[in-house]
Amino acid sequence: MSERGTVHLNMIVTKTGDQGQTYLNDGSHVSKASPRIKALASIEQVAVKLGYFIHACEDQVLQIQLPDNHTCQIHLSQLATSFQQEMYDIGSDISTPITDGEERGRFPQESVEELTALIGSLTPALAPLDSFILPQGSLRVLISHDIRTLVRQAEIDVWGIEEAVNSAVPQFLNRLSDFWFVLGRILFAEENQSGGIENQKWEPRQKQNRGIRIDPA
């Protein structure tokens, strides 16, 4: 697995993939249509969408009131950048097939536990849900929901890799999707705390009002 600072991209057009093959970190060839490469593409989509979130939030700092008079402060751009870094760590992990007796550093299980604890700390700031919510709200709320769906797809793609993978990777992606769901709800609540607007919820099997009216000429 390549360590930070050892990746050299002096030539972007190499033509080495023109026949539908690409290299992994161990030098082996693999089809660009393989599950491993599809998972890598999904991970990169997440990293790019995190960049959209950074742009939408600029230097915003989110203040959250937690139970027992605790407060939480989140620098949103720094948060998203930290996850971008980890997407590339995960990409490097996936790009390196697991071998017997290897001594390479892998994406750490500790990151899974850290994110699990963070979700547990933030969730009490929200009211319990009695239905699924519809993904609506401001641009940063919508990007949060977009990120959670992209992360979920990336997790599914990682599980689709036929060879052994570091179990911490799909576990982290599972938690990360949950995290962005929680954050999207927190952002929506923070933006609408004075207006009394609530998240629209799924109402199963209801006749829907399309909001269309046709008047006679």
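Helix α1 has 23 residues, and at 1.5 Å a residue it should span 33 Å. Its end C-alpha atoms are 33 Å apart, so the two values agree. The expected span is 1.5 Å times one less than the number of residues. Helices are DSSP runs (H or I, at least four residues) and strands are E runs of at least two, numbered from the N terminus.

This is a predicted model: local features need pLDDT of at least 70, and side-chain atom pairs count only at pLDDT 80 or more. Residues are numbered from 1 along each chain, and side-chain values use heavy atoms, without hydrogens and water.

**Packing against α5**
- The axes of α1 (residues 35–57) and α5 (residues 168–191) come within 14 Å and cross at roughly 20°.
- That makes α1 roughly parallel to α5 (angles under 35 degrees).
- I43, L50 and F53 of α1 make the contact with L173, W180, L183 and L187 of α5 (heavy atoms within 4.5 Å).

**Buried side of α1**
- Among the buried residues of α1 are I37, L40, I43, V46, A47, L50 and F53 (buried means under 20% relative accessible area).
- The buried residues of α1 pack against β1 (21–23), β2 (29–31), α2 (76–94), α4 (139–159) and α5.

**E44 and the end of α1**
- E44 lies in α1.
- E44 and Y88 are 44 residues apart in sequence, yet 7.8 Å apart in space, C-alpha to C-alpha.
- E58 follows α1 and has a positive phi, near 50°.

Key:
Axes are lines fitted to C-alpha atoms, for helices over the stretch in contact, and angles run from 0 to 180 degrees between N-to-C directions. Angles under 35 degrees count as roughly parallel, over 145 as roughly antiparallel, 65 to 115 as roughly perpendicular and the rest as oblique. Buried means under 20% relative accessible area, exposed over 50%, partly exposed in between (1.4 Å probe, protein chains only).
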